[in-house]
Structures are given as structure tokens and as C-alpha cells.
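Open the model in your viewer and keep the selection tool ready. The tour below goes from stop to stop.

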Amino acid sequence: MKSVRIVLWALVALALVGAGLLYWQKNYSDVDIGFSIGGPFTMTDTKGQVFTQANLKGKPYAMFFGFTHCPDVCPTTLWEMTTYLKQLGTDGDKLNVVFVGVDHERDTPEHLATYLSAFDDRMIGLSGTERQIAEMAKAYRIYYKRSVNDDDDVLYDHSASIYLFEANGDFKSTIAQGENPETALEKLKLLID
Amino acid sequence: MRILASTLLFFLLTATANASGTKVYDSDIPGVAIAGDIFVAGAWTRQSPPGVDVGAAYMRIKNNGEKSDRLLSAEVMYADEVEIHMMGMKDGVMSMSEVEDGLEIESGTAVVFEPGSYHLMVKGMTEGPMAGDIVTFMLEFEKAGLVNILMPVAPIGAKGPQN
């Protein structure tokens, strides 16, 4: 009985040490524990030109990932961004808004150009090869997964938040799916200021 | 008001028979239809962005009956296929999957198709509808049978029928 108690107390002590270490690491350590989002990438814009992180320098940017054959989240998010840009008016020019197509087979520069023509023309559409997309997604900590169903339809699960970055490329915050539009607009205004 | 609405529905929602003799419920009111114990309301779809042959449609389905029913399938003239899909967000990741073998609507409950949740996935659109159009979807229920429902078409990216 006594030995059981000792073991239990030892486990408690271990848990406390573990929690303490995690707390220290999160608050005081220089070790990066996963909050570095963003970084260099090489993609192609809708005009067929090479587009890298350098093209975004000097302006804060909002970036989100999706695919054009997505029936629900992607067009609604793009329309929300279009609405925000309209509300921002000329202030919207101080912001880069980037839509990254994760579907390397169908989201070609030409196709993205056609698709994005329905939305605010300030938006930048990026295409890439399978590898370029994978590398960019890794840097931006985006999850996406290609799947093929019984009918041979290609679908993608993907992170659906809008990521906001400072002009120097530092990650600032996100706009989540279903976020209050007023809060979202405030976040964009803060990003521009 | 309720009596008036019911009377109106009685006159506007009629059941006809198609060539094969199967009863098909019809409705003249966009967004609303009644098929036996099944009440469909708030139905709408939206225009898709250019160059895309997929779309989505939404509605609420209430089962007023005492027995569970099942939405088996749906179709619309301008598309090869319509599927029942569930979309979910988990930890910020959107995932979508087809609901196999139909969607159960339990007695006395409603299933809501809306952005970010259940939707009718419209596939292989030849010429997709434009905002302002009204299109007809045919829904097939296991017990209630076939029902035609008129759906208003909202603009690209709209999150509801009104915007």
C-alpha cells in the first residue's frame, strides 16, 4: 500500500516538473515551439509570372488557402474578402490579399485568373506545382489533403482561416471561419495602420 | 396568420403525378415545399465563380411525421449529379465528405443545410445558374417521395439567400 502511494506521489512530482518545463519553454525559452508561421516561397501568379515572398514586401498581407473546385468555403471566404476590401476603400490598396490554390492539377494560373475575376481585382492568386504548394503550406503551417472519392472527384480538406501578416512578414493573427465580420474588418484595419 | 398561411400553402402546394405514376409534390413558392410529412423551407443556391462546374445548395428539412424519413437523392437539370455532403470544420481545417445511403431526418426534427455544414453538392454543371434566377431541384425522400422545390439563386460567395 505504501509503495503504491510512493509511486503515485512520484508521478505527481513528475507531472509538476513536466508542466513547469512546458511553461518555461513557452514563456522564457528562445526555442521556437511552433509559432513561426510564414517564410519564403516560390509560386506563379495569375499572369504566369514567378511570385515569391519578396513580391509581398512593403505591405501587410492577408493570405488564405483553398481550391477553385470547392463549393462552399472558398467562394464565401473570397466574397467576404471582396466585401472587406470594398469597405476599406482605397485603404485596401495598402494591403496584399493572397489566395493560394492548393489544387496543383486544376488551379492553374489561367484558371485562377478566370475564377478570381468574380472577386475584388486587387486579390493575388497563386498557383504552384505539387512540390511548391507543399513547401509553401509547410512554411505557412497549412494543412491540406487531397482525396479522391468513388466518383473520381478530387477534393481537398484544407485549413480555412485567413492568416494576417505584418509588412515585414511577421505573423500577426488570423480571421477564423465564421468570425464576426466587424471584428474581421477591425483586424484588417489594425493590420494596415 | 397561421391559418391564412396554411390555406395559402394548401392552394399553392399541389401534388401531381408524373408519367410513371409516381406522385410528385410541387410548389409555386420559391424556397418552400411540402411533401407529406416533410416540410422544406429556406431553400437557396448560389451562382458559382466563373470557370467552376461545382456549386452548393441549402435548405432546412423538417420531418413532421411520426416516423423517421430519409433524403435519398437530389437532382437538377443543369448538373450531372447532386450529392448530399457534410462539411465540417475541425481545428480550422475544412473537410467535406459525401453522406452515403441518404440522410436520415428523424421524426419531429429538422436538418439544416447551410454554409459550413450540410449542403447539396452540385457537380458537373453545364451552364450554372446566375444570381436572380430561380431553379428547380427535385428531392427524393424514402417515405415522402419526390418533391420539386424552387430555389432562388444568390450571388457568388453569398452566405445566405438575401445577400
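Each stop names what to select and then says what is there.

**Before you start**

This is a predicted model. Read every distance and angle below as computed from it.

**Stop 1: the two chains**

Begin with chain A. Five helices and nine strands make up its secondary structure. Read from the N terminus, the order in chain A is α-β-β-β-α-β-α-β-α-β-β-β-β-α. Chain A has 193 residues, and 44% of them count as buried.

Now go to chain B. Here you find one helix and 13 strands. The order of elements in chain B, again from the N terminus, is α-β-β-β-β-β-β-β-β-β-β-β-β-β. Of its 163 residues, 46% count as buried.

**Stop 2: the disulfide**

How many disulfides does a search of the whole structure find? It finds one over all chains. Select A:Cys70 and A:Cys74, the two residues it joins. The S to S distance is 2.5 Å. Turn on a surface next. Are these two cysteines buried or exposed? Both A:Cys70 and A:Cys74 are buried.

**Stop 3**

Over all chains, the count of salt bridges comes to 14. Take two of them in chain A.

Select A:Asp91 and A:Lys94. They form a salt bridge, with the closest N and O atoms 3.0 Å apart. A:Lys94 is partly exposed, at 44% relative accessibility. A:Asp91 is partly exposed too, at 33%.

Move to A:Arg131 and A:Glu135. Their side chains meet in a salt bridge, 3.3 Å from N to O. Both residues sit in helix H4 of chain A, residues 130–139. They are four residues apart, about one turn of the helix. A:Arg131 has a relative accessible area of 62%; the threshold for exposed is over 50%, so A:Arg131 counts as exposed. A:Glu135, at 47%, counts as partly exposed.

**Stop 4**

Select B:Glu81 and B:Lys123. A salt bridge joins their side chains, at 3.6 Å from N to O. This pair links distant parts of the chain, 42 residues apart. B:Glu81 is in strand S7 of chain B, residues 79–90. B:Lys123 is in strand S11 of chain B, residues 118–125. B:Glu81 counts as partly exposed, at 34%.

Now widen the selection to A:Asp151, A:Asp153 and B:Glu83. Together with B:Glu81 and B:Lys123, they belong to one network of salt bridges that share partners.

**Stop 5: a patch of negative charge**

Stay with the surface view. Select A:Asp150, A:Asp152, B:Glu100 and B:Asp101. These residues gather in a patch of negative charge on the surface.

Look at B:Glu100 in the patch. It is in the loop between strands S8 (93–98) and S9 (103–105) of chain B. Its relative accessible area is 48%, so B:Glu100 counts as partly exposed.

Then look at A:Asp152, also in the patch. Its place is the loop between strands S6 (144–148) and S7 (154–159) of chain A. At 62% relative accessibility, A:Asp152 counts as exposed.

**Stop 6: positive phi**

Keep A:Asp152 selected and read its backbone torsions. What is its phi? The value is near 65°, positive in a residue other than glycine. Most residues other than glycine have a negative phi.

For another case, select B:Asp91. Its phi is positive, at about 50°, although B:Asp91 is not a glycine. Where does B:Asp91 lie? It lies in the loop between S7 and S8 of chain B. B:Asp91 is exposed, with a relative accessible area of 75%.

How values were computed. Residues numbered from 1 in each chain as written. Chains lettered and ligands numbered in written order. Predicted model: local features only at pLDDT ≥ 70, side-chain atom pairs only at ≥ 80, totals over all residues. Heavy atoms only, no water. Patch = residues over 30% accessible without salt bridge, like charges linked within 9 Å, V, L, I, M, F, W, Y side chains within 5 Å. Areas by Shrake-Rupley, 256 points an atom, 1.4 Å probe, with all protein chains shown as cover. Salt bridge = Lys/Arg side-chain N within 4 Å of Asp/Glu carboxyl O. Lys, Arg positive; Asp, Glu negative; His and termini not counted. Charge placed at Lys NZ, Arg CZ, Asp CG, Glu CD. Helix = DSSP H or I, 4+ residues; strand = E, 2+ residues; numbered from the N terminus. Buried < 20%, exposed > 50% of the residue type's maximum accessible area, 1.4 Å probe, protein only. Disulfide = S-S within 2.5 Å.
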